Structures are given as structure tokens and as C-alpha cells.
Amino acid sequence: MSRFLSLDGLLAWLDGLLKEGTVVVAPTLVEGVSLYQPVPAAAEIDLDGGATVLSPKEWLFPQSHTLFTVERRDGAAELKEGTFDGRAVLFGLHPCDALGVHLMDVPFLAEPADASYRERRERTALVGLSCTRCRPECFCTSMGTAPDDPAHLDVMLTPVEGGYAVAAASEKGEALLASAVLEEKAVPLPEPPVPDRLPTEDLPRVFRALFGHAYWGRVADRCIHCNICSYVCPTCYCFDVRDYSRGNTAERVQSWESCQAPGFARIAGGYEPRPSKAAKMRQRFAHKFLYFPEAFDGPLSCTGCGRCVRSCPVNIDIREIIGDLQRIGVSSVGSGEKQD
Amino acid sequence: MTKQVAYFPGCALEGSAREYDVSTRRVFAALGVELLEVPDWVCCGASSTHGRGQEVALALPAHALRAASQMGLPLMSPCAMCYSRFKLASLELAHPEARARTEAALGQDIGELPSVLHPLQVLDEIAPQATVPLDIKVASYYGCLLVRPPAAGFDDQENPTIMDRIVAGWGAQPVSWAFKTECCGAGMALARPDMVARLSRRVLEQARQAGAEVVVVACPMCQANLDLYTGEKDTPVLYITQLIGLALGLSPRELMLGRHLINPLPLLRAKGLVNHG
Amino acid sequence: MVEEVRDKARELLSAGTVECVIGYERATDGITARPLFAYSPEEADRFILDRTCVHNLARYLLDRKGKPTAVVVKPCDSRTINLLVHENQIERDKVFAIGVTCPGVVEAHWGETTEGLQSRCGSCPLEVPVVYDHLITVPGERQPRTGFPELEKLEAMSPQERLEFWQQQFQRCIRCYACRQVCPGCYCPICFVDQLDPMWVGIKIAPPENQVWHLIRAFHLAGRCIECGECQRVCPVNIPLMLLNQKLTAEVEGMFDFRPGLDAETLPPFATFRKEELEAER
Amino acid sequence: MVKVGVFLCHCGRNISEVVDVPRVAEAVRHLPGVTYVDENKYMCSEPGQAAIRQAITEHGLTRVVVASCSPRMHEITFRRAAAQAGLNPYLVEMANLREHCSWVHADDHEAATLKAIELVKKAVARISYNEPLTPQPIPMTRRALVIGGGIAGIQAALDIAAAGHQVTLVERESTIGGRMAQLDKTFPTLDCSSCILTPKMVEVAQNPNIELLTYSEVESVSGFVGSFEVQIRKRATLVDHVKCTGCGICWEKCPEKVPSEFDLARGKRSSIYIPFPQAVPVKPVVDQVHCRYIKYQEFEASGAEGKKPPQCRICEKLCPPQALAWDQEDEAVTEKFGAIVVATGYDPFDPTVYGEFGYGQYPDVITGLELERLLSASGPTEGHVLRPSDGTPPKTVVFLSCIGSRDEERGKAYCSQICCMYMAKHAIVLKEHDPEVQSYIFYIDNRAVGKGYEEFSRRAQEDAGAVYLRGRVAKVFPQDGKLVVMGEDSLIGRQVEIAADMVVLAAAVVPSRGADEVARMLNISYDSDHFLVEAHPKLRPVETHTDGVFLAGACVSPCDVPQSVSRGSAAAAKTLALLSKETLVGEPTTAVVDALRCSGCQLCLEVCPFNAISTQVVAGRTVASVNEGLCKGCGLCSAVCRPAAIGVKGSTHKQLLAEVASLWT
Amino acid sequence: MDMNGGPRIVGFLCNWCSYAGADMAGTSRMSYPPNIRIIRVPCSGRVDPLLVVKSFQQGADGVLVAGCHPGDCHYTEGNYYARRRFALLRPLLDFVGIEQERLRLEWVSASEGRKFSRAVASFQEELERLGPRGHRG
């Protein structure tokens with residue numbers, strides 16, 4: 001016996017939440033592009049849409065938002081912080097995206113926590129949706145989650161005949177479900193699909209070993225150094241902060257930033273710490289598979305969602321890179337000719 | 001070089017200046033230029049007519065211009081007055097509103113304006129093929145209408161040379177003189193004969209002083225005045241087409257040399273330009 | 001014809017004519033293409049050539065300034081070479097252009113390709129590259145010219161409708177700058193949009209900023225866009241960027257009878273003027 | 001952090017009666033950066049300026065905004081005031097509250113006041129981005145070039161030399177003197193032209209500060225004010241002027257006589273020659289077109305068959321110092337100059353276009369300049385005026401004015417300025433030569449503007465009995481050995497005919513051949529008649545738009561001797577003002593390139609009107625680089641630069657953007 | 001302060017002709033609508049399209065660029081380049097919904113105070129006809 005929520009029940013539940021002022025952020029189709037956005041009504045939600053172009057990190061860590069504004073009146077300054085004081089439901093996360101949120105928590109909630117991230121995070125409940133099928137670019141199981149893994153979620157929904165099997169994974173989840181009309185009945189859960197598996201054995205060591213390998217230069221050749229991979233990635237969290245001032249008002253803005261962008265980390269005088277294409281390219285993967293695990297002991301900073309694979313204009317494929325490195329590593333750990 | 005032209009004789013060449021018409025037709029035939037006469041042509045609007053106002057001043061010449069345009073040929077008139085009128089009219093008809101008004105008056109479209117030519121321009125392009133050497137000193141007299149107003153003229157308005165070039169080409173010796181474009185008295189022949197006499201005589205005097213034996217002209221009015229008021233000495237006044245006719249070996253009769261008041265034949269015989277006659 | 005590419009590449013590499021041949025190979029999805037940089041004759045075996053070869057590889061010449069390089073160019077891509085030579089970015093004699101005639105290319109994104117050709121191929125004036133050192137003829141009927149149909153659709157709208165249309169597009173922009181990074185005309189060391197002093201646009205990702213970015217991006221390509229369509233292809237949120245470029249392409253051709261990249265000599269519109277012109281357009 | 005002082009001007013009541021100035025003061029008091037606000041009835045008055053100076057020192061202001069009239073009016077005033085208080089003058093900005101506000105919005109005080117507030121905000125926003133600017137010193141080559149050795153060029157060269165500066169005078173002909181040397185006498189004083197000119201020519205030759213390059217032409221000019229690089233070609237004279245003593249045997253004995261250019265073909269010269277006896281330098285040149293020996297050499301070289309021309313070489317045989325140098329070749333020298341004076345002079349208009357006057361047809365129809373040669377004692381007729389046709393002295397001479405002048409149809413639209421006076425002069429001089437001469441002058445208007453000119457032309461009429469006929473001439477024709485001049489006396493409305501012995505055409509003055517090429521070399525402009533164009537027709541009559549290039553004499557517009565001389569001196573004065581400095585200080589508002597941002601596309605090179613931009617290699621990249629000497633700060637480069645890598649000081653991207661951003665806040 | 005007080009106009013005026021022309025309008029007391037903000041630039045050819053686009057983003061309803069008459073440019077050619085630049089920018093703006101009438105290029109000489117004041121007035125009318133901009137920066 002488990003709990004069941006019919007499709008109508010689901011919509012009614014979400015509309016109820018909306019009515020009481022909860023922000024529901026869910027996959028929606030905008031001009032054929034699937035994005036996480038606050039929805040005006042549950043009907044707007046793209047329920048069986050696969051993975052969105054952008055990950056749900058958009059909600060907790062917006063592309064751009066105002067940290068605070070200052071206004072100057074008769075010599076005196078007045079400061080207003082940009083806060084979120086409502087409640088939100090992040091709906092439709094697949095297990096990989098749930099893992100993504102977790103991996104964002106690691107740096108942002110580690111003391112001293114990022115105030116505005118923590119605020120949103122605490123006021124947001126995560127409602128997940130387990131995967132009934134995999135896309136060719138999926139490899140979540142290689143990254144420590146699975147199509148039906150409820151980890152890090154507050155509520156987990158599994159699509160079944162006529163509705164969803166419901167599992168609450170946290171108190172927050174139980175509280176949220178209070179307003180849902182649930183039936184108790186036996187619903188057979190579908191067999192979870194099985195994505196490709198990658199050789200991820202001690203990746204950090206391999207990366208360390210092949211740090212200066214010419215291989216990076218070769219992959220980087222075709223990279224155009226746009227920001228797509230970082231922006232679609234659920235775990236990339238680099239940002240930049242700037243002040244905008246106009247007349248008597250000023251605003252401090254935080255926006256996404258990408259290690260692939262030209263001039264990333266460029267400092268006064270024009271010095272670039274990672275001038276070569278190779279170094280830039282390596283930076284992204286080294287961060288995921290070497291620096292992050294080392295800094296936060298353990299987890300690789302990748303969810304296997306495959307978004308970067310899908311959106312890269314020149315097919316720089318993280319799975320291929322991991323494979324290649326393992327192959328080279330096995331054959332010639334450390335012996336790779338120095339590249340830069 | 002033009003092989004065919006639309007030919008507009010005009011009133012003068014039908015009457016007083018028939019020899020100009022005939023010699024022109026003969027010479028051009030000999031030179032292989034076909035003159036297709038403009039069908040039922042009307043007055044070109046020259047002399048006093050165009051003074052009656054712009055409408056008639058354009059409508060009359062427009063008739064022949066339209067005809068030529070339909071023939072798809074340039075319009076050629078030997079009469080300097082006709083030439084001038086056609087040329088000026090075609091310039092004015094280039095302006096849309098003038099054209100519109102004229103077409104309204106005409107009740108017809110004029111079509112693409114033809115180019116307007118004077119025989120001199122055609123002759124200037126034809127390689128001379130003299131059979132009789134023109135050993136004679138010639139004063140080429142242009143009068144006013146071939147070069148003025150500058151817009152309508154086809155040579156320097158003060159010192160034209162096209163006729164000198166042509167007659168030289170045919171073997172004659174053009175003299176350099178200053179009265180090439182002086183007024184002959186033109187249409188005042190009846191109103192102020194005294195003045196016309198003074199002007200014409202002076203022109204001839206100058207020609208003689210410059211050593212000319214004959215004066216060649218390309219305008220019926222010039223010919224008439226100079227021929228009439230010749231002054232104390234007789235200097236024959238020939239149409240350029242007559243002179244070229246002689247060089248081509250045409251007979252005085254064919255060129256109607258007999259029609260002039262000053263009989264050129266004695267001189268021409270003396271010069272051996274005509275043997276019989 | 002694929003073999004012809006491979007043979008030429010092998011020949012150039014083994015003769016040492018060039019250090020690198022840039023062509024296409026199969027992508028990891030097994031159906032689309034991706035750029036391949038071959039440094040050895042062996043690697044040349046991986047080259048492919050078909051209607052999924054959408055990338056403008058000539059753009060990579062900017063990364064290989066001064067290094068002898070061969071590159072496979074479609075007619076549109078070939079205009080890049082003239083553009084970059086004219087703008088003193090590359091030396092013609094360092095480039096070996098393997099030109100391929102083009103019947104048009106399909107829409108190709110990872111894991112999916114269309115049957116029909118890209119719409120921009122409809123307005124392409126060329127079938128044969130404008131510059132090449134070796135020409136490979138690709139069989140296939142070139143699709144009939146369609147001009148700029150979408151452009152006309154938009155021009156038919158009222159300003160208000162156009163405004164709404166573009167706001168809808170621009171507010172989706174995430175400013176990943178893939179359009180800029182892929183563009184052969186965007187090679188500024190520091191793009192105006194990245195400049196902080198003065199801060200023309202700044203880092204804020206919001207509709208007004210996005211609009212400034214897209215207007216100036218397009219205008220900086222006025223009289224320079226060689227119509228390879230890469231900006232639109234790479235956009236992760238499907239903004240029809242080529243519409244802006246095509247608008248300017250049409251205007252430039254109308255006003256100055258100029259189409260960029262067809263040769264390397266003609267001065268572009270902003271480098272010259274005629275005293276008698278454009279008083280009407282003012 | 002900048003400390004901005006805002007100074008609001010009432011301009012009497014010009015501003016304050018429309019704009020509520022105290023309210024403006026309140027509104028801007030707390031703007032970012034503003035630390036001091038003051039009002040004054042007249043900011044531009046001495047007390048007003050004093051207030052600014054005082055505030056700068058007492059309040060340590062680092063920026064000054066003056067809200068008053070148009071910067072075109074008082075920017076300099078306030079910059080100077082700031083400078084006196086030790087503040088860089090370019091840290092001053094103005095808000096135009098008068099011309100752009102109170103004077104145009106007098107009908108709406110509220111709106112005007114709100115606008116005034118915004119104009120001040122705008123200036124404050126802009127000024128925090130102003131940078132202290134110091135003009136780039138341009139090293140001055142204290143040496144001048146004068147192009148053209150006519151009276152204007154001579155005067156300029158002498159004045160510059162007199163001030164102790166080096167000057168090079170380049171003349172295309174083999175002697176200096178120009179047109180004035182061809183004149184017999186000069187109006188209105190009737191001094192003998194060569195008597196007053198020759199001493200100056202000699203002085204040029206002898207002045208140690210003057211380098212005289214005759215028979216030479218300027219071939220190319222590069223560089224800019226302070227350091228023009230000029231290439232000059234010295235044509236081969238085939239005579240070693242160091243050896244030559246100018247004894248004259250060669251030109252006396254040379255058997256090959258040809259028409260003399262100096263005498264306008266009215267006389268002859270040898271083919272080794274000096275143009276006229278008083279020539280400077282008195283050193284001959286070999287005319288390589290006519291010299292027999294040259295012809296002989298060419299024949300030899302051609303290897304043609306047939307009769308050889310004579311070897312001649314008489315000059316060589318007779319030359320005492322053996323100065324003939326047959327193998328001499330053209331020589332190109334490149335020299336550096338700080339400033340350039342252009343004095344290329346004029347040519348007479350060719351009257352043959354007027355067929356009716358028969359110039360070229362009738363030998364006795366001549367131009368005024370040709371008459372000068374006939375009148376000149378050193379001329380072909382040794383000063384006896386004789387008819388070219390039969391050598392008899394003319395008794396009746398008719399002058400035709402405006403031949404090519406004031407005639408858009410076949411000539412030039414402009415008045416040639418000198419003709420009226422020289423016709424009067426000729427009438428007087430002819431009378432002096434031969435009392436029987438009767439002159440008739442056909443004129444359109446008798447223009448006698450100038451000191452003593454009107455009196456002079458009266459003298460021609462009253463003393464010399466010249467008959468002035470107002471009207472144009474229709475025709476000149478020969479009759480019974482005379483030239484009949486047929487014209488109209490428009491005052492009595494009658495046709496007149498005069499049987500003349502000689503007809504003199506007052507041919508128009510046109511720029512001398514090649515003046516336009518010189519202009520192109522110097523990047524200065526010329527008008528549709530090819531006269532060179534001044535920087536401003538009234539206030540900068542000798543300057544050009546190219547700094548350091550000045551104009552003298554008839555190359556600007558027709559002018560007579562006194563005008564040429566004063567123009568020459570004026571150009572010299574301008575030149576000296578430059579040469580008197582060790583270094584020049586140009587405007588500091590020039591373009592600058594940020595090499596880090598420059599993409600090297602070189603579009604700026606294409607659009608720069610002053611060729612001030614070139615390229616240089618910085619850190620392995622080819623980037624644009626501005627020559628501040630040539631840059632005028634127009635900013636065309638800046639507007640076409642996609643990465644905003646090139647900016648104009650004083651009109652930087654930051655300043656303009658700040659102004660835009662300040663609006664409606 | 002959207003349309004009340006009239007449409008907002010940013011005027012980029014070249015220092016040599018048009019700014020002086022505006023001064024002339026002042027000295028001749030030829031009044032014109034107050035809601036124009038004049039920015040002095042060395043030459044109309046100095047005006048970067050970015051400045052125009054930024055002006056619109058800052059909330060301008062119209063942008064006026066004024067320079068010397070063709071042939072009179074203090075720098076000989078600047079206005080010709082400006083003319084080309086804005087002839088292309090206008091249709092682009094129009095294409096994204098900023099009516100091209102909102103960007104004006106005028107030739108105003110130093111003596112044409114009347115022309116300047118008339119230009120501002122007629123531009124103002126034009127902009128009032130168009131109404132406030134749909135999307136303001």
C-alpha cells in the first residue's frame with residue numbers, strides 16, 4: 001500500500017498552494033524551450049517534459065538579482081536589501097536536479113552561508129519527479145544518484161497509471177502534502193530505466209595525474225568558450241558582483257559568471273590567470289572532479305544530467321572526456337607530455 | 001555615321017530655296033545617306049510664328065519631332081531656321097510639364113524625342129570623296145541660327161569652324177575671317193531693306209577682304225540676303241551642298257546653280273569646276 | 001567527396017604545407033557533426049562531409065593566427081576569410097582553404113537533425129565558395145532562393161507588435177554569449193558588453209540590458225555579417241538572431257549595394273561615404 | 001573621491017529672472033561629489049572668477065562646474081581662472097543655463113528651472129570623469145619652407161630670414177621674381193617694376209638665412225606642423241653653378257635661339273639661357289629640349305640612320321671656367337621644416353576661347369602681360385611698343401576688360417582685381433612713350449578700390465586722355481590693315497566701332513599650373529576655380545586647415561603687388577609665431593588608443609580625415625596608434641571602434657555615457 | 001516623469017555648427033520645448049550608436065543628432081560618416097519596435113538658430129504623435 005495522487009488531485013493541490021501565495025516554480029514551455037519558471041496556474045506546467053534547458057538552480061541562485069539598493073537623500077543614505085520572504089515550491093525536479101541542489105548547498109550553506117541563497121533555500125520545498133525514461137546523455141547513476149532516488153527531496157512523485165505514487169521524504173514534505181487529496185492504494189511502481197555508466201573510479205587522482213596533459217589542448221581546440229555549459233549546469237555556481245549607480249541611487253547586483261568566459265578572473269592591468277584555451281577548458285572539469293571533491297571532501301560536482309552535453313554547440317562531451325582521461329590515465333598516468 | 005535620316009525640307013526649300021533642297025537630296029544620295037521625308041509635314045513654327053506663344057511654338061515643331069520619333073530616325077532639316085526651332089523645341093520638351101501641355105495640344109504622345117541634326121553635322125562625319133578638285137577660296141558664313149543660342153548651336157558661337165573643316169576636306173581653301181556669324185539682316189528684308197543692305201554688304205565686304213571667291217552658306221535666309229545685297233563687286237553665294245555637289249561632279253543643272261541672282265557660272269568655269277553648261 | 005577531403009588533408013599534412021587541417025567529424029550522438037582539428041595524416045581518416053556539417057570552421061582561424069592552417073569552408077564560411085583578411089585579422093597566405101560547394105545544410109542540434117534545410121540557406125547568394133585553394137564539388141540540387149521570408153513577416157507587423165515580439169525573445173536571453181563566441185566577426189579582445197569602465201551594459205541579465213546587447217551586437221555586424229547563421233544555431237534558448245542580422249544585411253545591400261566578405265578589397269559601408277547620398281534616408 | 005564645486009551664475013537677470021537659481025543650488029547641493037555650491041551675479045566678472053579661485057584653494061575643490069552661459073562664450077575664461085588657482089583647466093565644465101535654457105524658455109519658469117537643475121546634474125555627472133589634460137609638446141623644427149619665388153614668396157622668405165630663422169625658398173623656374181619681374185611699371189606709383197623688385201631678389205640670393213633652390217620642385221610632403229618632411233627635386237641645369245661666374249658668353253654665343261617663355265614668346269632666347277638680365281641667380285640653365293648637343297646625343301643613342309645633327313657644344317668651348325656639366329642629373333633632397341608658406345602665384349587666362357576677339361588669329365591682339373613685355377626696356381623690343389604684325393608703333397590702342405573674368409559662361413565668375421588698374425596704367429604709360437597714342441578702354445565697371453587707385457584711373461582719363469567706354473565688345477576684325485573693334489557704349493546705348501592698331505585683352509587671373517597638386521601634397525583644399533582655401537576667409541585669411549601651412553599671394557585669390565607683399569608678410573608673421581617656439585603646444589584633446597582593447601581591425605585608419613592613425617605592435621599584437629601632432633580630436637575613430645578602444649580626450653566614452661546616464665534621474 | 005513635460009529628447013550637437021546654432025537660438029530668444037537635453041560632442045561623426053541606444057535605454061523618447069551641413073564639417077568628412085551610420089541604425093531600431101522617427105539627424109549651421117528651434121519643436125510634435133515608448137529601458 002502506498003499513497004496515490006491523481007493527476008487532477010495534483011493540479012488542485014498545486015493551484016491550492018498558488019492560491020495561498022506560494023510561488024510554484026516548475027518546468028514550462030516558452031517558445032518551445034523548456035525552462036523552470038514561476039507559474040501562474042498548475043495547468044501551465046509541462047508535466048512530462050524531459051530535462052529543462054536550464055537547471056532549477058535558477059530559482060535558488062538567480063541569473064541576476066539585486067543584493068541591495070542604496071538611495072541618497074539630502075546627504076543621508078538609505079539601504080534596502082533584496083529579500084525573499086514568501087514560500088516557494090520547486091516542482092518537478094528529477095533526482096539529478098535534486099542532487100544538483102544538494103551540491104549547491106555545499107558551498108552556499110557552508111558557514112559563512114550565502115544569506116540570500118540560504119533564505120530562498122529554507123523557504124523553498126523540493127517536489128521531485130522520478131524518471132520513467134532516460135535520454136541518451138543521461139549518466140546520473142555514475143554520479144551517485146538514480147532515476148528513482150528520492151534523496152534531498154521533500155516530496156517524491158513517481159508517475160503511475162492515472163497519477164502519481166507519492167512519497168514524502170521530509171517533514172517539510174509532509175507539511176506541504178497536508179493540503180493534497182491523497183488516496184491509499186496499492187500502486188505497482190514501474191521499473192526505473194538504466195542510464196549509461198561511466199568509469200568514474202578515483203577520477204580526482206586521474207585528473208591530478210593528467211593535469212598538464214596535451215589532451216586538454218586537443219579538446220579545447222574546438223571550444224568557443226561560451227558560457228552555455230556553466231549556465232545550464234546545475235552545479236556551476238560562479239558569480240560576479242557589480243554596483244550600478246545612477247543619480248542618487250545605487251544597486252548591488254549579483255549575476256552568473258562562467259570560467260569559460262573570455263576575461264574570467266582577469267585582473268587589473270589585463271593579466272589573465274588562464275590565458276590558453278586548454279587551461280580554461282580544463283578549469284571547468286578540474287573544478288568538478290578535482291578541486292570540488294578536494295575542497296568539500298568527497299562529492300564530485302556533477303549530477304549526470306547531461307545538459308552540457310545537449311547544449312554544447314561544438315559537442316564537448318563530458319562523458320567522452322571522462323572516458324578519454326581514464327583511457328589515457330590507464331595507459332600513461334603522469335607520462336602525458338606537458339602541455340602548459 | 002547615320003545611314004538614314006528623317007528629312008524635313010520646310011517651306012523655304014519648297015520655294016525660294018528649292019536649289020538647297022535639290023542639291024541636298026542629290027549630294028546625300030551620292031554620299032549614301034537616305035533622306036526619308038517626314039510624311040505630311042507642317043510648318044516648323046519658325047520665323048514669326050513661335051512669337052505667338054509657347055503652345056504653338058512647341059506644338060508645331062512637335063508634329064515633325066513626333067513623326068521622326070515614330071520613324072525611329074534623327075530629324076534633319078537643312079533650313080537653319082527649321083533646325084533651330086526643332087532643336088530648341090526638343091530641349092524644351094525635355095521638361096515634363098511642357099511636354100504634357102504640348103501633347104495635350106497635339107492630342108498625341110510625342111514619344112521618345114529624336115535627335116535633331118543639321119546637314120553640316122552629317123557632312124562633318126562623312127569622309128570626303130571629291131572627284132573634281134575644288135581649287136577655290138571659300139568664306140564659310142554661318143549666320144546666327146546655326147550657333148546661337150549656344151544651347152541649340154553645334155559649334156563655337158563666336159568662331160565656328162565646322163563648315164571650314166568640311167569645305168577644306170573637299171579640297172577648297174577656307175579663308176579666315178571675322179564675320180562668320182554676323183547678322184545678315186534676316187527677316188527684315190522687307191521691313192528695313194536699308195538695314196539689311198548695310199549688314200549684308202558688310203559681311204560680303206569682309207569675305208572679299210579675306211580673299212574669298214565664293215561665300216558658302218547653310219541657311220536660305222542668309223543666301224537670299226547676301227545674294228540680293230551683294231554690293232559693288234559680285235561674289236557668288238552658294239549653298240554648301242551645291243559646292244560639295246560640284247566636287248562630286250554634279251552638273252550646274254543638277255545643282256540648280258542657275259537660280260542665283262549672282263551667276264556663279266563664270267567664276268566656276270574660270271576655276272574649272274564646271275566644264276559644260 | 002568525403003575521400004577527397006581526407007586525401008587533400010593527408011596530402012597537406014604529410015607535405016607539411018599546413019600544421020593543422022580543420023574539418024568535420026561525427027559527434028558523440030552519432031548523427032550530427034562537430035569540428036575536427038587534424039594534426040596528423042592518420043587523423044584525417046575521421047573527416048566527414050554531409051548536410052549536418054553546419055559549423056563555420058573559418059572562425060577558428062582567429063585562434064590560429066600566423067599558423068599555417070587548412071580549413072574546410074562552405075560558401076558562406078568562405079566569406080569569413082575575406083572578412084578577416086580585410087580586417088587585418090589573418091594573413092591569406094597562412095590559410096589553405098578547402099572549398100566545398102554547398103546545396104544547403106540542415107538544422108542540426110545534438111541528438112536531432114531536420115530533413116529540411118536551414119532557413120538562412122534560402123537567402124544565401126552563393127553555391128561556390130568565394131575564396132578557396134582547392135575546390136571540392138558536392139553533388140545535390142541547391143534549394144531555390146527564398147529571400148528573407150521571416151524578415152518580411154516581421155516587417156509587416158506594427159512597431160508595437162515588433163516590440164512585443166522582441167521583448168519576448170530578449171527576456172529569454174541568458175547572456176551566455178555563445179552567439180558572440182561563435183561569430184567570426186566578434187573578435188574584440190574585450191567586447192563592449194564585458195567592459196566595466198565604462199560599464200555600457202554591465203553584468204545584469206535583464207530585458208533592458210539584453211536589448212542593448214542584442215542591438216549593438218547586431219549593429220557591430222552591420223556590413224560585416226557573412227550570414228553563416230552560427231549565432232542562431234548555437235543559441236540555447238532559440239532566439240532568432242539571424243533576423244536582426246538579415247535586416248541589416250538587407251538594408252546595407254539596399255543602401256550601399258554591398259554584401260560583406262564577397263571580396264577582401266571593397267571598403268565596407270562604415271569605412272567610406274559618397275557626398276551625394278542618403279539625404280532622403282535622414 | 002572628487003570634490004566638485006558648483007558655481008551658479010545669475011548673469012545679471014539674464015538667467016535669474018527665468019531660472020530660480022537658489023532652488024537649483026539646493027537641488028544640486030547633495031549630488032554625489034558636490035562639496036561646494038555658490039551663486040554670483042556675474043560669474044565671469046573679476047569678483048566672480050575670484051570666488052572660484054578662492055573656493056578652489058579654501059575648499060580643496062578638484063573639479064569645477066560653472067553654470068552660466070555657453071561654453072563657446074566663457075569656457076576659456078573659467079578654465080583660465082581655475083588654472084590660476086592651480087587646478088588643471090580641463091577639470092572645468094560648464095552648464096549652459098543661458099543660451100540653452102533661460103533665453104529659450106522664458107515663457108515657462110518652472111520648466112526652465114527643472115531643466116537648469118538637470119543641466120547642472122549632467123555637468124556634475126560628466127565632470128567626475130574629466131581628467132587633467134596637458135598638451136603634448138610638439139618639437140619645432142625652426143626652419144621654414146616657402147614654395148614659389150614670386151614677390152609674395154620673396155617677401156615671406158625675407159621677413160622670416162630677417163627674424164633670424166632659416167628659410168628655404170623653392171622656385172620652379174630658373175630664376176625668382178615671378179610675374180612681377182615681367183611687369184614694366186607698377187600702379188599707382190608707376191615705379192619701374194624691376195627697379196623695386198631686383199634689390200629684393202638680390203637680397204634673397206645674399207641673405208645667409210635663405211637657402212635658394214631655383215629650377216626645383218616640391219615632390220612630396222609628409223609629417224605635420226613642427227616637422228614636415230619635404231622632398232624637393234632639383235632639376236639638372238647641366239651647368240655647374242659653383243664654377244659658373246654668370247659671365248654670359250654662353251647665352252650670347254649659343255646659336256640655337258628659341259621663343260622666350262619669359263617674354264611670352266614675343267621675344268627669343270638661347271637654348272642655354274637666363275630668362276632675363278636681372279635673373280637671380282645669374283646662372284644659366286640648358287634647355288634640354290632645344291639644345292643642339294642634347295639633340296645630337298639623343299640621335300646617337302637612338303642609333304637612327306641619316307644625317308647627324310651638329311655637335312655644337314659652343315658654350316662648352318667658350319666657357320672660361322668650364323662649367324658645363326653634361327652628365328649632371330636631377331637630384332632629390334629631403335629636408336625637415338617647421339612651417340610651410342605656399343606662394344604659387346597665378347597664370348593669365350587663355351583668351352583663345354573668345355573666338356570673336358581673334359587672339360592667336362590676329363598678331364596685333366595681345367594680352368596685358370604681353371604688352372608689359374613690349375613696354376619693358378629689357379623686353380623683346382627694348383621698350384619700344386611695336387605692332388607684332390608689322391613692327392610699326394600703334395597709335396590707337398583698344399583695351400578689352402574682363403576677358404575671362406566675371407563671365408560664368410565661358411570664363412570665371414570672379415573679378416580678377418588687377419585688370420582695371422593695369423589698363424589705366426597702360427594708357428598712361430603708352431601716352432608717356434608716345435604722345436600720339438590714343439587709348440580706348442572697354443570696361444564693365446571700373447573698379448579702383450585701393451589707396452590712390454581712383455585718383456590713378458582719373459589720371460588715365462584726364463591726363464592720358466584715355467576714353468572709357470562702358471560696355472562689352474562684340475567682335476574684333478581686321479579691315480584695311482587695322483583691327484576694327486565693334487562694341488557697345490551702353491551709356492549712350494550706341495554701337496561703336498574703333499579702328500585700332502593694337503588690341504589689348506585684360507586676361508583673367510587664374511591659379512598657376514600645378515597649384516592644386518601642391519595643395520593635395522599638403523592636404524589643404526582648393527575651390528572650384530582651384531584657388532587655395534583659407535582656414536577662414538575673414539579671420540584666418542593666411543592660415544589653412546593644415547596647421548603650419550600658410551598661404552601668400554595670388555594662390556588664394558587674384559591680388560596686386562601691394563596685396564601680395566602684405567600677404568607674404570602676414571604669412572611670414574604666422575610662420576614666425578610658430579618658429580619663435582622651441583616646442584608647440586597643440587590642443588590636448590586628441591585621440592588615445594587602449595592597446596589592450598584594440599582589435600587591430602584598422603577601421604579607424606580608414607575614417608581618420610587627417611591620416612593621424614597608424615599601427616604599431618604591442619605585445620605581439622598589431623594595434624592602432626595615434627599621432628597627436630596630426631590628430632584634431634574629431635572622434636570619428638572613436639565612433640567606429642567596436643571595442644571602444646580608441647577615445648578622444650575631453651570627449652571620452654565615460655564622460656558622454658555619464659551625461660546620458662544622468663538624464664531624468 | 002514620462003510624457004508630462006513633453007517627450008524626452010537627447011540632443012547630440014556638434015561643437016562647431018549645431019551647438020553654436022543652438023546658442024544662436026538662445027541669443028535670438030527663439031524659444032522651443034524645454035524637454036531637450038543637449039550633449040556637446042566634437043563632431044556628429046563622434047556619436048557612437050551605443051550612445052543613442054543607451055539614451056533610449058535611459059528613457060529617451062527621441063534622440064536628435066545634429067551636425068554641420070554636408071561639406072561644411074569642421075573636420076571635412078565627419079557628418080558624412082554620421083549620415084551613413086544613422087541611416088542604418090534607424091531601420092534597425094524600427095525593426096525592434098523603436099519607431100525610426102525617434103532618431104533624427106539634422107544639419108544645423110552656426111547661423112541657423114531658427115532652424116534649430118523649429119527642428120526641436122517639430123521633433124517634439126512628432127514624438128507626441130508617436131506617444132510614449134512602449135518599452136522604456
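Buried area here means the accessible area, taken with a 1.4 Å probe, that two parts lose on being put together, summed over both. Keep in mind as you go that this is a predicted model.

**Stop one: chains D and B.** Select these two chains and look at where they meet. They bury about 1100 Å² between them, and 36% of that is on carbon and sulfur atoms. On the chain D side, pick out Gln361(D), Lys475(D) and Phe477(D): these lose the most area to chain B, together 36% of what that side buries. In residue terms, the contact takes 16 from chain D and 14 from chain B.

Now show side chains. There are two salt bridges between chain D and chain B. For one of them, select Glu497(D) and Arg202(B), where the closest N and O atoms are 2.5 Å apart. Next, colour strand 24 of chain D, residues 473–479, which gives the most to the side touching chain B, with six residues. Colour that side of chain D by class and you'll get seven nonpolar, three polar and six charged residues.

**Stop two: chains D and E.** The contact takes 40 residues from chain D and 46 residues from chain E.

How many salt bridges cross here? Two. Zoom in on Glu75(D) and Arg40(E), whose side chains meet in a salt bridge at 2.7 Å, N to O. Several helices of chain D give two or more residues to the side touching chain E, among them helix 3 (71–84), helix 5 (109–127) and helix 18 (653–662). Helix 18 of chain D gives the most, with six residues. By class, this side of chain D has 19 nonpolar, 11 polar and 10 charged residues.

Move to chain A and select Cys223(A), Cys229(A), Met281(A), Cys312(A) and Ile316(A). Of the 16 residues lining the largest cavity, these are the closest to its centre. The space inside comes to about 160 Å³. Which helix of chain A gives the most to the lining? Helix 9, with three residues; you'll find it at 277–295, and helix 8 (228–232) also supplies at least two. The lining as a whole has 13 nonpolar, two polar and one charged residues.

Methods:
Residues are numbered from 1 along each chain as its sequence is written. Chains are lettered from A and ligands numbered from 1 in the order in which they are written. This is a predicted model: local features need pLDDT of at least 70, side-chain atom pairs count only at pLDDT 80 or more; totals for chains, interfaces and linings use all residues. Side-chain values use heavy atoms; hydrogens and water are left out. On a 1 Å grid over the protein atoms alone, a cavity is a set of points where a 1.4 Å probe fits but cannot get out, and a pocket is an open set with protein on both sides within 12 Å along at least five of seven lines; lining residues have an atom within 4 Å of a point. Grid points are joined across faces, edges and corners, and a volume is the space filled by probe spheres set on the points. Helices (H or I, at least four residues) and strands (E, at least two) are DSSP runs, numbered from the N terminus. Ala, Val, Leu, Ile, Met, Phe, Trp, Tyr, Cys and Pro count as nonpolar, Asp, Glu, Lys and Arg as charged, and the others, Gly among them, as polar. Contact means heavy atoms within 4.5 Å. A salt bridge is a side-chain nitrogen of Lys or Arg within 4 Å of a carboxyl oxygen of Asp or Glu.
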